[in-house]
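My notes follow in the order in which I checked them.

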Amino acid sequence: MAQTERRDAPELPDFSLLKRLARDQLIFLLEQLPGRKDLFIDADLMSPLDRIANVTILKQHEVDKLYKVELKPIFSSSDQLCFLIRPRIQTVKWISDLVNSDKAAGRFRKYKIIFTPQKFYACETVLEEQGVFGDVTTDEWNFYILPLDDDILSLELPEFFRDNFLEGDQRWVTTGGGALHLLQSVYGSFSKVYGIGRCAKMVYETWREQMEDGDQRTKQPEFAKVFLIDRDVDFITPLCSQVVYEGLVDDIFRIKCGSVEFGPDVTSSDKSIKVMLNSQDKVFNEIRNEHFSNVFGFLSQKAKNLQTAYDKRRGMDIQQMKAFVADELKGLKQEHRLLSLHIGACESMMKKKTKQDFQELLKTEHSLLEGFEIRECITSIEEHINRQVSMIESLRLLCLLSLTENGLLSKDYRSLKAQYLQSYGIDHLLTFANLRQLGLLVEQQPGETLTVMESRVGKLVNDKTVGKLTDAFSSLAKKSNFRALSKRLALVPKSGDEYDLRVPRDMAYVFSGAYIPLSCKLIEQVLERDGWTGLEEVTRMLNGHEFAVTAVGNSSEARTKTDAQRIILVMFLGGCTYSEISALRYLGKERGCRFIILTTAITSSARLLEALLDNHA
């Protein structure tokens, strides 16, 4: 099993404050529309809202009925309608149509739109164009952050990835800055900010502007360092198969807003059960970061220990039995229920992964990461496509092949693309255009050979000249440079080395010892060096936009080794996987520090690629 928490690990801040702040603001906004009202909620806001203010709380504040926004005619008899929505033009047009429909029918109602996390000028423009601007009151609920667990915070904005990195729509940058500003307002100032990526730089600038406009707090910080990282800095990691328990549960059952629904195949009944997955679940908390191969043995031992605890009842007198029932029985029953669920989940996952030839899939991935037997890997991918095993899995392997090989040879690209379109449909042509635009699946260009020359020239000229050369060459094609990065940062352990997954020696355990997540390795290196000095070659290969800023007004006292200095906030812009979270937890245990993960959303290979499909809604 992985290491236990170090005794000197600092305590994490209490993030339940963020929930209370969000709830209080929402109640205040609802009360701005006094009297009974019906509330219409965006579908993707329902789960986050339930974590903040459940139905009972809403009813207490004169919400009569709740409806899901479905963009079709409504059948509400209420004279007051409130809409809690994301700032989407399509939804605003639907509300405008409802208002105009009521006006045409001679019906008078009050309408209030609450945009979250903020309202955009484009939405107000639509209201004006539709002629309902004066009939509707608008407000915004600054619900920036949802705490999913003690160390996981989410903006719950899965659209951030596609909007920002594919569409070039930077509207969510302000939201990212707002989230950091909220954390600083509640938990004190940060002493050091590191980052890499174009979006990370924009979020930092937005946050700095908000900080200058707002009140300057002198509160003692509860965490002092922040690291901002763009998802497109590391596409390899989310495309690798997850093998830590929490990651596998997410891949197979889809964890949504910190909870998962286990079906009859897990519960051994005809009912499905919704389970919260966090540190409050003692069984889950012990296995969430473990490699899947260790989990079943641990659960079996846990079951034996539980049975031993139950067997203590035998031979007890009445007084002892009374104490046992009062103090232990309830806890044992709860643990027994959770243990049964996680054993059922393990069995279900093992059956599904066996059907999918999971070991063969992992072997292909590991060969791609190591750069061995690439021809055999291509044959394996072709077989996967032609058998139509899984559209998303086939696409994932193609992208992994392209990223690790710095693009595909023209003949391979054309052949694999043709086979994919024949298997899954010609309508995926636009999907390939999207993947090409992001550099996930590209055809090698003649100019790609210049990267070899660039690395040789780099040894002969100074950094400034190399920077100019790099800019010129990178304009020829978007390159992943994975092999060079892997060698420079030692991302792939030597294949001859034995790797004991029961006693991990580094973060590579989250991928069966085959690969250390690039994002996590970067964070480790920057924190070790207290900046990007010595990583110039790495940042050039990652297209730059790196920064390290010491906050103005911080005294030397603030840089002492306090608990706050050992708590690091890492913000992933474009999504973060459970594998990365497990890797950072391991790194924190190794170094006696704690990582708080702030992400725009939890992602995975399936979620990332689904966002890029040509039929994406």
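I began with helix H10 (residues 245–253), where 7 of the 9 residues are buried, so I put H10 down as mostly covered. By buried I mean under 20% relative accessible area, with exposed over 50% and partly exposed in between (1.4 Å probe, protein chains only). The buried residues of H10 are Tyr245, Glu246, Gly247, Leu248, Val249, Asp250 and Phe253. Arg254 follows H10 and has a positive phi, near 65°. Helices (H or I, at least four residues) and strands (E, at least two) are DSSP runs, numbered from the N terminus.

A note on sources: this is a predicted model, in which local features need pLDDT of at least 70 and side-chain atom pairs count only at pLDDT 80 or more, while totals for chains, interfaces and linings use all residues. Residues are numbered from 1 along each chain as its sequence is written, and side-chain values use heavy atoms, with hydrogens and water left out.

Next I looked at the whole protein. I noted 26 helices and 14 strands. Of the 617 residues, 54% are buried. Taking contacts (heavy atoms within 4.5 Å), I found that 78% of those between residues at least 6 apart in sequence join residues at least 24 apart.

Then I turned to Ser579, which lies in helix H25 (residues 578–591). Is Ser579 buried or exposed? Ser579 has 0% relative accessibility and therefore counts as buried. Setting aside neighbours within four places in sequence, I listed Gln242, Val244, Val510 and Phe511 as the contacts of Ser579.

I checked Lys119 after that, in the loop between strand S4 (110–115) and helix H5 (121–129). Lys119 is partly exposed because its relative accessibility is 28%. Pro87 is 32 residues away along the chain, yet its C-alpha atom is 5.7 Å from that of Lys119. Pro87 is also among the contacts of Lys119, together with Glu124, Thr138, Asp139 and Glu140, again leaving aside neighbours within four places in sequence.

Last I took the pair H16 (residues 374–386) and H18 (residues 410–424), whose axes come within 9 Å and cross at roughly 20°. The contact is made by Arg375, Ile378, Ile381, Glu382, His384, Ile385 and Asn386 of H16, and by Lys411, Asp412, Ser415, Leu416, Gln419, Tyr420, Ser423 and Tyr424 of H18. I sorted these by class and got 6 nonpolar, 5 polar and 4 charged residues. Nonpolar covers Ala, Val, Leu, Ile, Met, Phe, Trp, Tyr, Cys and Pro, charged covers Asp, Glu, Lys and Arg, and the others, Gly among them, are polar.

Definitions and conventions: Axes are lines fitted to C-alpha atoms, for helices over the stretch in contact, and angles run from 0 to 180 degrees between N-to-C directions.
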